[in-house]
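Have a look at the sequence and the fold below.

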Amino acid sequence: MFIVMEGIDGAGKSTQARLLAEWFRGHGKEVVLTKEPTDTAFGKLIRRLVLTGGREGIIDGARISHEAEALLFAADRAEHVHKLIKPALKAGKVVISDRYFYSSLAYQWARGLDLEWLIDLNKFAIRPDLVILLDLPAKESMKRINGRSIKTEFDKIAELQKKVRENYLKLAEMFSEIRIVNALAPLEDIHNDIVALVEHELLRKG
Ligand code: TYD
């Protein structure tokens with residue numbers, strides 16, 4: 001089974017990915033917990049060229065062109081799919097990824113790139129069984145990531161988060177594997193919601 005966590009910055013993706021991994025392990029499954037951008041050379045390049053170092057997320061869209069940014073995320077993803085995701089699934093393991101190509105659609109679309117082009121660019125990326133969209137109002141996201149970022153960039157990030165959230169909700173109407181979970185709920189409730197969705201998917205797969 002291949003499961004992806006998506007959502008704007010501060011939605012709690014990595015925490016929920018970890019809790020879900022523990023849940024699967026408790027049921028005797030082997031789990032590969034992974035993320036994008038990855039920790040490979042491509043991921044490091046992205047962190048250097050696109051992200052502003054620490055925990056701020058994508059802010060400065062001026063350093064490289066938006067197309068180059070999208071291509072870097074896609075290159076990182078290609079390596080991720082071929083070297084890690086596909087082999088793990090083939091070995092019968094559960095793969096949980098914190099972000100995947102839906103992040104490229106939501107964020108790089110918010111940069112003003114053409115959605116169809118982004119979808120085409122990411123066609124090599126196999127479709128997961130389930131995508132959990134941790135949905136959060138941009139205002140709440142800003143409260144949570146405040147302190148991670150520099151004050152002067154605040155408005156710029158707030159506007160981007162708002163657009164990205166709207167994009168995610170539009171994508172949820174286009175991709176049937178996306179399920180929306182309310183990320184404002186208490187941690188345990190969110191985890192239970194996710195487990196219910198996973199169990200439903202497991203039953204459906206048989
Ligand atoms: P994030 O999950 O915050 O990684 P880390 O915690 O390691 O910094 O992701 C970094 C940022 O990259 C985040 O703001 C979303 C953005 N991003 C894209 O714009 N496109 C993509 O395809 C991916 C995977 C991430």
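## Starting with helix 4

How many of the residues of helix 4 are buried? Nine of its 10 residues are, making helix 4 mostly covered; buried means under 20% relative accessible area, exposed over 50% and partly exposed in between, using a 1.4 Å probe and protein chains only. The buried ones are F101, Y102, S103, S104, L105, A106, Y107, Q108 and A110. Just after helix 4, G112 takes a positive phi of about 110 degrees.

Before going further, some ground rules. This is a predicted model, where local features need pLDDT of at least 70 and side-chain atom pairs count only at pLDDT 80 or more, while totals for chains, interfaces and linings use all residues. Residues are numbered from 1 along each chain as its sequence is written, and side-chain values use heavy atoms, leaving out hydrogens and water. Helices (H or I, at least four residues) and strands (E, at least two) are DSSP runs, numbered from the N terminus.

Five strands form an open sheet in the order 2-3-1-4-5, with parallel pairing; two strands pair if DSSP finds at least two bridges between them. At the edges sit strand 2 (31-35) and strand 5, each pairing on one side only. Neighbouring strands are turned by 20 degrees against each other on average, direction ignored. Axes here are lines fitted to C-alpha atoms, for helices over the stretch in contact, and angles run from 0 to 180 degrees between N-to-C directions.

Two helices to look for on this sheet are helix 3 and helix 4. Helix 3 touches strand 1, strand 2 and strand 3 (94-98), and its direction makes about 160 degrees with that of strand 2; contact means heavy atoms within 4.5 Å. Helix 4 (residues 101-110) touches strand 1, strand 4 and strand 5, its direction making about 25 degrees with that of strand 1.

## Strand 4

Now zoom in on strand 4 (residues 130-135), where six of six residues are buried. In a regular strand, side chains alternate between the two faces of the sheet. Here both faces are covered: L130, I132 and L134 are buried on one side, and V131, L133 and D135 on the other.

Strand 4 pairs in the parallel sense with strand 1 (residues 2-6) over four bridges, and M5 has I132 as its bridge partner. With strand 5 (residues 178-182), strand 4 pairs in the parallel sense over five bridges; there, D135 is partnered with N182.

## Helix 2 against helix 3

The axes of helix 2 (residues 41-49) and helix 3 (residues 66-90) come within 9 Å and cross at roughly 160 degrees. That makes the two helices roughly antiparallel (over 145 degrees; under 35 is roughly parallel, 65 to 115 roughly perpendicular and the rest oblique).

At the contact, F42, G43, L45, I46 and L49 from helix 2 meet L72, F73, A75, D76 and E79 from helix 3. By class, that gives seven nonpolar, one polar and two charged residues; Ala, Val, Leu, Ile, Met, Phe, Trp, Tyr, Cys and Pro count as nonpolar, Asp, Glu, Lys and Arg as charged, and the others, Gly among them, as polar.
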